[in-house]
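Work through the exercises below with the sequence and the model open. Try each task before reading its solution.

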Amino acid sequence: MLRLTGTRIASLGLSHAGRGGVSSPSSLLSAFPTPNTTCTPSTNNLYFRPVEVLMLRSFASLRQIPKQKALPYMKLIKDARSWQDGIAILDEIERSGFVPNVFLYSAVISKCAKEGKWEEALKMKKKMVGQRVKPNVVVYNAVIDACANGCNSDEAIKLLREIEEQGLKPDVKSFSAAISACGKSARTDDALSLFVEMEERGIEPNVISFNAAISACEK
């Protein structure tokens, strides 16, 4: 994994000298005390391997980065040149003793989606769940979009169904991305079925939805 050094930040055009004085990730967090990451004994570990127990205890002792300090990181991620740089920024936050929030994860997953890195997007989603950061619909949509760009319709449909399992409601972006995934995988019938389901649920299709369905019919 890439380490976000001062040189790396400078390469993104966001050094302290530029972009309104945005510092490196380490300096952004220097004003906050580092949470205690010492693992404490527990008897509630019967169903986990030792390594997994240590990871769970470690995550439990961390706290999410304060909202006011997350904004500069969001800008760093949005201006990053690649999904690898985005992940490097999240890694730096964790090394400082904090857990990235849902918005930071969403921004990085969106970068993965643009390049069709569906496996990395899924890893990010799994990681945030492990850190007790609950994915929202925006996160799910980004992961589904990554699967669509990576031509993985199976995972896209699975994620679409998972949205409701998590007590959330899929929206037009959720269905549009899943329809696109089916179309790119030459699953015309499934794409049209999702389009019909979307309308039956009272979710009004938009231009992206129609284009995705039309494209699926052309396969």
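**Exercise 1.** Is Asp-154 buried or exposed?

*Solution.* The model is predicted: local features need pLDDT of at least 70, side-chain atom pairs count only at pLDDT 80 or more, and totals for chains, interfaces and linings use all residues. Residues are numbered from 1 along each chain as its sequence is written, and side-chain values use heavy atoms, leaving out hydrogens and water.

Step 1. Set the cut-offs: buried is under 20% relative accessible area, exposed is over 50%, and partly exposed lies in between (1.4 Å probe, protein chains only).

Step 2. Asp-154 has a relative accessible area of 54%, so Asp-154 is exposed.

**Exercise 2.** Which residue forms a salt bridge with Asp-154?

*Solution.* Step 1. A salt bridge needs a side-chain nitrogen of Lys or Arg within 4 Å of a carboxyl oxygen of Asp or Glu.

Step 1. The partner is Arg-187, with the closest N and O atoms 2.7 Å apart.

Step 2. This pair links distant parts of the chain, 33 residues apart: Asp-154 is in helix α9, and Arg-187 is in the loop between α10 and α11 (188–200). Helices here are DSSP runs (H or I, at least four residues), numbered from the N terminus.

Step 3. Arg-187 is partly exposed, at a relative accessible area of 24%.

**Exercise 3.** Describe helix α8 and its surroundings.

*Solution.* Step 1. Helix α8 covers residues 137–149 and reaches 18 Å from first C-alpha to last, close to the expected 18 Å; the expected span is 1.5 Å times one less than the number of residues.

Step 1. Because 10 of its 13 residues are buried, α8 is largely enclosed by the rest of the structure. Among the buried residues are Tyr-140, Asn-141 and Cys-147.

Step 2. The cover includes α6 (102–114), α7 (118–130), α9 (153–165) and α10 (172–184), where contact means heavy atoms within 4.5 Å.

Step 3. Just after α8, Cys-151 takes a positive phi of about 60 degrees.

Definitions and conventions
Helix = DSSP H or I, 4+ residues; strand = E, 2+ residues; numbered from the N terminus.
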